[in-house]
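I wanted to know how the chains hold on to each other, and what ties a chain together inside. Here are my notes.

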There are 4 protein chains.
Amino acid sequence: MHYETLFQEIHSELQSVEDPGQVGDYIPELAHVNPDQFGVHLTTVGGEEFAFGDAEKRFSIQSIAKVFTFVLAYSRIKSSIWERTGLEPAGTPFNSLVQLEYDRGIPRNPFINAGAIVICDILASELASPKENILSFIHRITGTDSIDYNSKVALSEKKTGYRNYALVNLMKSFANIKNDIDRVMDIYFHICSIEMSCKELCRSFLFLANNGIVPFSGEQILTASRTKRVNALMQTCGFYDEAGEFTFKVGLPGKSGVGGGIVAVHPEKYTIAVWSPRLNKKGNSFKGMLFLEELTSRTSSSIF
Amino acid sequence: MHYETLFQEIHSELQSVEDPGQVGDYIPELAHVNPDQFGVHLTTVGGEEFAFGDAEKRFSIQSIAKVFTFVLAYSRIKSSIWERTGLEPAGTPFNSLVQLEYDRGIPRNPFINAGAIVICDILASELASPKENILSFIHRITGTDSIDYNSKVALSEKKTGYRNYALVNLMKSFANIKNDIDRVMDIYFHICSIEMSCKELCRSFLFLANNGIVPFSGEQILTASRTKRVNALMQTCGFYDEAGEFTFKVGLPGKSGVGGGIVAVHPEKYTIAVWSPRLNKKGNSFKGMLFLEELTSRTSSSIF
Amino acid sequence: MHYETLFQEIHSELQSVEDPGQVGDYIPELAHVNPDQFGVHLTTVGGEEFAFGDAEKRFSIQSIAKVFTFVLAYSRIKSSIWERTGLEPAGTPFNSLVQLEYDRGIPRNPFINAGAIVICDILASELASPKENILSFIHRITGTDSIDYNSKVALSEKKTGYRNYALVNLMKSFANIKNDIDRVMDIYFHICSIEMSCKELCRSFLFLANNGIVPFSGEQILTASRTKRVNALMQTCGFYDEAGEFTFKVGLPGKSGVGGGIVAVHPEKYTIAVWSPRLNKKGNSFKGMLFLEELTSRTSSSIF
Amino acid sequence: MHYETLFQEIHSELQSVEDPGQVGDYIPELAHVNPDQFGVHLTTVGGEEFAFGDAEKRFSIQSIAKVFTFVLAYSRIKSSIWERTGLEPAGTPFNSLVQLEYDRGIPRNPFINAGAIVICDILASELASPKENILSFIHRITGTDSIDYNSKVALSEKKTGYRNYALVNLMKSFANIKNDIDRVMDIYFHICSIEMSCKELCRSFLFLANNGIVPFSGEQILTASRTKRVNALMQTCGFYDEAGEFTFKVGLPGKSGVGGGIVAVHPEKYTIAVWSPRLNKKGNSFKGMLFLEELTSRTSSSIF
């Protein structure tokens, strides 16, 4: 398929759509990003690559990193992970705290903030040098050693992360955090600060489209069955309070971040990453979602 | 594939799993069903049929009927349906009323009770004889004229349906119910009382696996694009508070009912219906979910 | 004390305070009231009376009537009343339904709508002709036979009372309503429609300032101990979500209604009623609260 | 009145009431208190004192100290205090976090934990040496210099105070905490650790029964009008989720602590403090509440 022509075509049509979104602004590093940048990249399991725009420019992947830490924990820990976090969609944001309280400190799923913090706590217990180990895992599945934390972003997140501290303290009061809070949060704020390009995101997620095997290295990250389950989890929980809408309109499992990135997986076929910094009210890239909706509609490539 | 052998095999293995579930007992008609019945049926888009156990015995399909009324409304109404109901998973049940209040009478999705009641209200405005029209729609997509409401069940539901009356009154206080409450609830309680067999459920859902076209009649119920969206909606919202778990373990879009039935769709391939009356704590068939998990695991037929 | 001079003085000063409030408008009968009417009346336990403005004009007492039905139930039922309703302040209004659900159908107190409906249910079981009996009780404690329901108001309330129907159905689903819903709601909507003047309200509440005895007839309605408890309950629960503020600023137990009336009790001394139809955001008379705050401040007559 | 005889009499009768309560056990220092201790003390505004049992033994006053910090802030800060905290009862405990979130970081009142933390934040901005200044204020109103923090208790509270850290971080995320979190929490945990006897509590609260003037020193702490308002606030908010019940049964404004102490105020007449370490399910002294209910019933000394 001539994906690049299609990318151009959709991008050009979306030019006329007014973008009501705004860049994430709770930390200066996100607020200062040029909001008009746009990149998209598609990589097939066979190794073909299709790019458009700022596809090789790195940006803050933010919550997309929660997939990496979850996969790392899921590949090492057996069933006990589901005693520490649920796997259901989160419901409206106004519930976040009351739900965590109602469920006695067990987050709804590993992709909301509370759940990702629990996964960091699990990795803090499991890994010798969590931050280094996480990074080297990402290097391995991406085939690129230069991907790194942005420590300035991590520090900014930490300085303004009172709500996340509220979550971790509440979970600790229910004994669902085992390690020292500062140690856990240091990991959490670092993973959110990772910077990658659309091209790199496509490569890093490719094992999820390929039954758990990294195509270019042959390394088996997860069994085929577990790989399907990670995709399923992204489908129901990957888009904050908009998982239903993304599933309805785009029809692929994926994960978004407040840096404006979205990565989606078409099992057995390809991964696609899009980046457009302006966010809709629910914190997902406004043009990114629209672009993916158009793309899967025109190519009839929803999984449903 | 030798599905029938596989059905036998899985059923036989599940015999040794203790079923901690209980039949739905809030109305006498459900409570008196023999809980040990078990049926499964699979129909391919090409017309092949595979059956096991009580696959042709009719039971109360309950919430599964919400897919029929939603499709009927969705096929006639254009975009305005999404001003009346959302399309996001519902979150924990303890939220049901507060969420409806927080969202000013707009239900989270059309498959929870509140949302299905709104759909009944839309059909009450849209159709000349709603109850007759709904039934004849089901006859058409199933190819069977004998499917009917069980008026005794409908009456039992009505007599004990105080919680549903609380929902409809709350929505009416927010002006999200347009017709007379009793008229809307009469439709709602009747659709929940419909009785079908696994075999009939498979046939009735087949257009959802076939790009919106009923294979045996050629009738186009929905466009291919809208069909994918109905499947997507079932994936995120079809299993009460267990949509995440069903997606994670089974990996197919589907819908369950408190009568113990579950029907699932493998797009482009088949529909499958299973019936086992004992329910888990979240109101889904305990053995039905387990059976489907085993089936999609062994055949690697999850969509993810 | 020269109360009438004080009434004039405070009223005159309050003229210059802009009243941001609006008359209750959810039923036409309240919306059409002249909002500039103002009346105040004070009656001492010794029988002295002080009036100002529209003190003898009848208006819709609305929720103030909940005190009458509660006292009637409390005087006849022994302890079991507290198995059917709590006696704690209600918290923010956004909780009303979730709290009722959390507490499994037991309202927080008998002065919120849900609690007053439970009291009507108790009276429906307890009294031969509830509506007649309630009215004759009010006649007895007021010494005036002409007080009556306004059936037009009751009908309007019933026609728009979807939220109240949501409450009663939710409670019925938890088995905390014993009688037929329509019968209970008929009593409830009628008591809200009662019309009385400030002068009549003062007389009717006088037994609460007089150890339970109606001064002009000598009839003992409640024991002294129970009388104190009714006053205590009004203090913590008499002003919707503004009980804390009323207690803080006025310092007397009392009860308000959306018709713009407030009645307050100074134990052993007097009752006072004020009427000004414009309501603040929490549904209490804006000028009425201000007037009482000024009055108790200048006379140092808070009970605290 | 022969209070001491009455104390003996009530205490003796309560011996036969089984105490289902348990001592607060979330920190070792509270868990190790001998639960059978019991003390009561009453001091009149005229200076008469009546004691029974362990009335001079010091215990951990815990939340009772919130009255001292509130009065100190209220006596120095003018109206702006009510922009930082509300003055309404808190509703059920299951709301604590969601309500704080719904109200955008503004606690319901200054006597719940979140509100008392805000008051500590105000004092951290207002006072040169908050911990010393608070202590010397208590010395002045009690006339006793030996009252002190128990730093072991403060440290224990800090070590296990994850839930309080969740509250303060949530409020900080809404900008309702101005100072460094650790500094604010250091004050908060210290005030909860103060130890006083029933006799000392009676003396320290006496200005609240005496129009704001400390009787033995003549110092005016608050105006008469503000004093009434503090009492009013204790009435509606002084007993966690049991303010309604305490008001209903005892009929005096007061404040309790999880150390098993309760102090109550009869305006113009006396203060009374009771101590019994076993707590009911809502965190108030079981026998303490019962004792005060009996006392005010037999002496008809409720304020209502």
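**Salt bridges**

I started with a count over all chains, and the rule gives 62 salt bridges. A salt bridge here is a side-chain nitrogen of Lys or Arg within 4 Å of a carboxyl oxygen of Asp or Glu. I looked up one of them, Lys199(A) with Glu56(A), at 3.9 Å from N to O. Lys199(A) is in helix H11 (residues 198–209) of chain A and Glu56(A) is in the loop between strand S3 (49–53) and strand S4 (59–60) of chain A, so the pair ties together parts that are 143 residues apart in sequence. Helices (H or I, at least four residues) and strands (E, at least two) are DSSP runs, numbered from the N terminus.

Before going on I noted the ground rules: this is a predicted model, where local features need pLDDT of at least 70 and side-chain atom pairs count only at pLDDT 80 or more, while totals for chains, interfaces and linings use all residues. Residues are numbered from 1 along each chain as its sequence is written, chains are lettered from A and ligands numbered from 1 in the order in which they are written, and side-chain values use heavy atoms, leaving out hydrogens and water.

**Chain A against chain B**

Next I checked who touches whom, with contact meaning heavy atoms within 4.5 Å. I found 37 residues of chain A in contact with 37 residues of chain B. The two chains bury about 3,200 Å² between them, and carbon and sulfur atoms give 65% of that. (Buried area is the accessible area, with a 1.4 Å probe, that two parts lose on being put together, summed over both.) On the chain A side, Arg229(A), Phe248(A) and Phe304(A) lose the most area to chain B, together 27% of what that side buries.

I counted four salt bridges between chain A and chain B. Arg108(A) makes one with Asp241(B), with the closest N and O atoms 3.1 Å apart. As for which helix gives the largest share of the chain A side, H12(A) does, with seven residues.

**Who does not touch**

I also looked at chain A and chain C: they make no contact, and their nearest C-alpha atoms are 11 Å apart. Chain B and chain D have no contact either, with their closest C-alpha atoms 11 Å apart.
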